[in-house]
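Dear colleague,

Please find the structure below, followed by a summary of what was found in it.

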Amino acid sequence: MTGTRRLPFGLLTAWGATRLLLLLFVFKVYVFPGPDVTSDVSVIYQGWYEILRTGTYPLDDVTWQYPPAAALAILSPGLLPFLDYASAFFALAFLADLVVLTLLLYAGARPGRTWRGAWVWVVGLPLLGPTVYARYDVMVTAVAVAALLAGGRHPRLMGALTAFAALLKVWPVLLLLGARGRRAWASAAVTAVSLAALFAVSMPGAFAFLTFQRDRGTEVESLGALVFHVARQFGWNGQVLLNYGSVEFLGDYVDVVSNAALALSAVAFGWLLLWRVRARRFDPQTLADAAFVAVLMFTTTSRVISPQYMVWLVGLAAVCLCFRGSRMVVPARLVLVASFVTVLEFPIWFSHVVMSDGLGIILLFARNGLLVLATLLAALELWQATVPRRVPLPAPDQPTRTKEPMGS
């Protein structure tokens, strides 16, 4: 650790204790309440692994909705042949978690930085329960955190890492929103094109995910789904079914709500473009703050808000709070509270969400309401911190008429 600061013993102890508990849950030493979240790894991921290792993408599986580099995450347990697939995956997820902690500790020890960000990560991740180790999102988040922390001093490295992360899961492309100059953007473009071409040439079906992603509907945990949860109380006769890899609403007006969600995402994108054009003050924390706001906006307005999406927000909030000057303290706290509500609605009481009963609706209104509030506050703070206020011009002096003497 740089300088004379000692490693925070309490923080490391909290990380070790909470991560041990997460491992005990995913290895089923203790059974976490609700549906088994590890089945995605042992059934779905392992099934993809068997296909990917033959040199092709899962072309006939509509649940494969990930960019081409996601194959690397699914294949990564093969690096640990002495473990079965699921155990190797959990071990690598744990390692990615440790990488994020190390990056945040290193960044927090530098002048003008703080370990608040490391605390956000230590506290926030276990609030989501064992889902965090049973999805590959923690691996993507590790790359995204590394990209953001490199951005201030190494823009080319940031661009390359961002492109790689975006090819793992699309959302990290939003990290470039606050990047200044052309080096990060140019590096990202070159890396993305090179890697995409490599995947397209080496494995058939690298971009089949675009069609599968396009056809997704309104997932039961999303903001738009609240319309149907309430409508079911008044006789709406739609269904809740497993569709395109998630539990979605199917029935009348679902396409209308899905299109409305896309429209909200378009509005968010327009606001972000306006902010980028109007922003004038770029402080060391602006890059991370802008990324946090952008991902918050697109997560909140998405047709799908899966529990693992919260891992992204916790990671980005942690990076923001590494900087003493960040104004994202309150939105970050709201994300932490939303993370705790998330584990209550999935997996603990997910059956209530699927049934649209009182408890399920309350949990979704609470979680999604917290995300909406965090999004609005974060956007306001970013705007106020970076966009100068317009000062009205003083009114021009009015000419005065001099009274002429009489008889002139």
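Tyrosine 253 is found in the loop between strand S3 (246-250) and helix H11 (254-278); helices (H or I, at least four residues) and strands (E, at least two) are DSSP runs, numbered from the N terminus. Phi of tyrosine 253 is near 70 degrees, a positive value in a residue other than glycine. The peptide bond from phenylalanine 346 to proline 347 is cis, with omega near 10 degrees, and proline 347 lies in helix H14 (residues 329-348). For context, most residues other than glycine have a negative phi, and most peptide bonds are trans.

This is a predicted model, in which local features need pLDDT of at least 70 and side-chain atom pairs count only at pLDDT 80 or more, while totals for chains, interfaces and linings use all residues. Residues are numbered from 1 along each chain as its sequence is written, and side-chain values use heavy atoms, with hydrogens and water left out.

Overall, the protein chain has 16 helices and three strands. Its C-alpha atoms fill a box of roughly 110 × 65 × 45 Å, taken along the principal axes.

As to helix packing, the axes of helix H2 (residues 39-52) and helix H4 (residues 85-108) come within 10 Å and cross at roughly 95 degrees. Axes are lines fitted to C-alpha atoms, for helices over the stretch in contact, and angles run from 0 to 180 degrees between N-to-C directions. H2 and H4 are therefore roughly perpendicular to each other (65 to 115 degrees). The contact (heavy atoms within 4.5 Å) is made by Val41, Ser42, Tyr45, Gln46 and Tyr49 of H2 and by Tyr85, Ala86, Phe89 and Phe90 of H4.

Grid points are joined across faces, edges and corners, and a volume is the space filled by probe spheres set on the points.

The count comes to one cavity of 30 Å³ or more. The largest cavity has a volume of about 60 Å³, and its lining includes Asp283, Arg327 and Glu381. H16 (358-386) and H12 each supply at least two residues of that lining, the largest share, four residues, coming from H16.

The second largest pocket has a volume of about 380 Å³. Of the 25 residues that line this pocket, the closest to its centre are Gly151, Gly152, Arg153, Pro284 and Leu287.

With kind regards

Conventions. On a 1 Å grid over the protein atoms alone, a cavity is a set of points where a 1.4 Å probe fits but cannot get out, and a pocket is an open set with protein on both sides within 12 Å along at least five of seven lines; lining residues have an atom within 4 Å of a point. Angles under 35 degrees count as roughly parallel, over 145 as roughly antiparallel, 65 to 115 as roughly perpendicular and the rest as oblique.
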